[in-house]
Amino acid sequence: MEARLNLFASPVATQFGKHLVAAGGALAESGLPAATQELVRLRASQINGCGFCTDMHTKDAAEAGETATRLNLVAVWREATVFTEAERAALELTEQGTRIADAAGGVTDEAWANAAKHYDEEQLAALVCAIALINAFNRGNLIVRQPAGDYRPGRFA
């Protein structure tokens, strides 16, 4: 499989990508736990069917010390016992924030209130931004059919 367009060779896409990566850098300093951020990126990527991002965030999370058990269970987090209540709240918010078209009204008040029990306002802001950012990356990769499997941890660091 080859991408329809080489985003890495396009000056416009490269400049746009640098801005998106910079936005991600702001999240790294937000106080939202890094493990939670990776779980959010992985879950949204799974939902969106973005193989490139699923590959990337699985490998980045493993490189950062995340366990194979937790990574393997992200897609079925509701039935898994390996996630904290805070992580579960973040995963629920991620699912609802990613599946906007599937749910009339978007994110429920219950999902928001549950996340607000576990995260302060700055962390909630970071969580919302992380969900929006990974969805943007997913959509770009899906449009061009960016192939998955060759990512090496730290490639875009």
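Biologist: Is Arg99 buried or partly exposed?

Modeller: Arg99 counts as partly exposed, because its relative accessibility is 33%. Buried means under 20% relative accessible area, exposed over 50%, and partly exposed in between, with a 1.4 Å probe and protein chains only. This is a predicted model, where local features need pLDDT of at least 70, side-chain atom pairs count only at pLDDT 80 or more, and totals for chains, interfaces and linings use all residues. Residues are numbered from 1 along each chain as its sequence is written, and side-chain values use heavy atoms, with hydrogens and water left out.

Biologist: Which residue does Arg99 form a salt bridge with?

Modeller: Its partner is Glu95, and the closest N and O atoms are 3.7 Å apart. A salt bridge here is a side-chain nitrogen of Lys or Arg within 4 Å of a carboxyl oxygen of Asp or Glu. Glu95 counts as buried because its relative accessibility is 4%.

Biologist: How far apart are the closest N and O atoms of Arg43 and Glu95?

Modeller: They are 2.8 Å apart in that salt bridge. The pair links distant parts of the chain, 52 residues apart, with Arg43 in helix H2 (residues 34–48) and Glu95 in helix H5 (residues 85–98). Helices are DSSP runs (H or I, at least four residues), numbered from the N terminus.

Biologist: And what does Arg78 pair with?

Modeller: Arg78 forms a salt bridge with Glu92, with 2.7 Å between the closest N and O atoms. Arg78 sits in the loop between helix H4 (68–73) and H5, while Glu92 is in helix H5, 14 residues apart. Glu92 is buried because its relative accessible area is 18%, whereas Arg78, at 43%, is partly exposed.

Biologist: How many salt bridges are there in the whole structure?

Modeller: A search finds 9.

Biologist: New topic. At what angle do H5 and H6 cross?

Modeller: Roughly 145°, and the axes of H5 and helix H6 (residues 109–118) come within 9 Å. Axes are lines fitted to C-alpha atoms, for helices over the stretch in contact, and angles run from 0 to 180 degrees between N-to-C directions.

Biologist: Which residues meet there?

Modeller: Among them are Glu92 and Leu93 in H5, and Trp112 and His118 in H6. Contact means heavy atoms within 4.5 Å.

Note on methods:
Helix = DSSP H or I, 4+ residues; strand = E, 2+ residues; numbered from the N terminus.
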